[in-house]
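Biologist: Could you walk me through the charged pairs in this protein? I'd like to go through them one by one.

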Amino acid sequence: LPALLEAAYRRAIYLGQELSDSRDTAAASVQSLSQLRELLVSAAGRALDAELFWTLLERVQQHPSALLRGAATGLRYSAGRCLEPELLTALDGHFRGCAHSTEAVAFLRGLLQTAREIAWQQPELLNVIDSLLRQWGEEDFVSSLPELRLAFAGMTPKETDRIASAVARIHGVAEVGPLIQRSLDAASVQRNLELSNRLRAVLEGDGLGAWVQS
């Protein structure tokens, strides 16, 4: 069995050099990378050459898929192989430098999927995300909202409360109120936001943009 495990591990590392960047396979690849990490920290995987995995992750950080780049960054961060300045630089680069906001959020989703503890252990991370999101226009934010929901979907209710409280403190709010609204589903919220955007455009076109700001 140890020889079989060694062969399977090296085969996985080899296949990891050519990961697909399609949306469906990228999500599966994130899970596979996480499983490899779990193997290496288990008793069965202690004899394996972990450096092969960490070298692979350095390569994945340059992958065309933002989701995979974020996942690789999160795995390296959790292992102490990516320090906070490098992490914040990567976040800033994706949120400022990506042509599409959805790609930036995909990076964040991959990051939180493999290092969810970052969201409440690193207050500076939330400050950076908050600052970058406020620079987006309404259209970018609305179009990225479904992906943003996915980025935080893996959090437990307790973790969600903790993150919400941290964000509230950034804005000087003591109480965020109920976090669950059962009267509307996600699709309805998305439609309402899009309708609000269209209405804003009509008002601005009629010279009534000041009404939107009031």
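Here are some questions and answers about the salt bridges and one glutamine.

Modeller: Before you start, this is a predicted model, where local features need pLDDT of at least 70, side-chain atom pairs count only at pLDDT 80 or more, and totals for chains, interfaces and linings use all residues. Residues are numbered from 1 along each chain as its sequence is written, and side-chain values use heavy atoms, with hydrogens and water left out.

Biologist: How many salt bridges are there?

Modeller: Side chains of opposite charge can pair when their charged atoms come close. A salt bridge here is a side-chain nitrogen of Lys or Arg within 4 Å of a carboxyl oxygen of Asp or Glu. By that rule, the count is seven.

Biologist: Which residue forms a salt bridge with Glu-18?

Modeller: Glu-18 counts as exposed, at 65% relative accessibility (buried is under 20% relative accessible area, exposed over 50%, partly exposed in between, with a 1.4 Å probe and protein chains only). Its closest N and O atoms in the salt bridge are 3.7 Å apart, and the partner is Arg-59.

Biologist: How many residues apart in sequence are the parts that this pair, Glu-18 and Arg-59, ties together?

Modeller: Helices are DSSP runs of H or I with at least four residues, strands are runs of E with at least two, and both are numbered from the N terminus. Glu-18 sits in the loop between helix H1 (2–15) and helix H2 (23–41), while Arg-59 belongs to helix H3 (residues 50–60), so the separation is 41 residues.

Biologist: Is Arg-69 buried or exposed?

Modeller: Arg-69 forms a salt bridge with Glu-103, their closest N and O atoms being 2.9 Å apart. The pair ties helix H4 (residues 66–78) to helix H6 (residues 101–114). Glu-103 is partly exposed at 28%, whereas Arg-69, at 11% relative accessibility, is buried.

Biologist: Which helix does Glu-86 lie in?

Modeller: Glu-86 forms a salt bridge with Arg-76, with the closest N and O atoms 3.1 Å apart. Arg-76 lies in helix H4, and its partner ten residues away in sequence lies in helix H5 (residues 84–97).

Biologist: The side chain of Gln-61 makes a polar contact with the side chain of which residue?

Modeller: Gln-61 is in the loop between H3 and H4, and is buried, with a relative accessible area of 16%. Leaving aside neighbours within four places in sequence, its contacts (heavy atoms within 4.5 Å) include Thr-73 and Glu-86. A polar contact is a pair of N or O atoms within 3.5 Å; within protein, one must be able to donate a hydrogen and the other to accept it, and residues adjacent in sequence count only if both atoms are side-chain atoms. At 2.8 Å, the partner is Arg-76.
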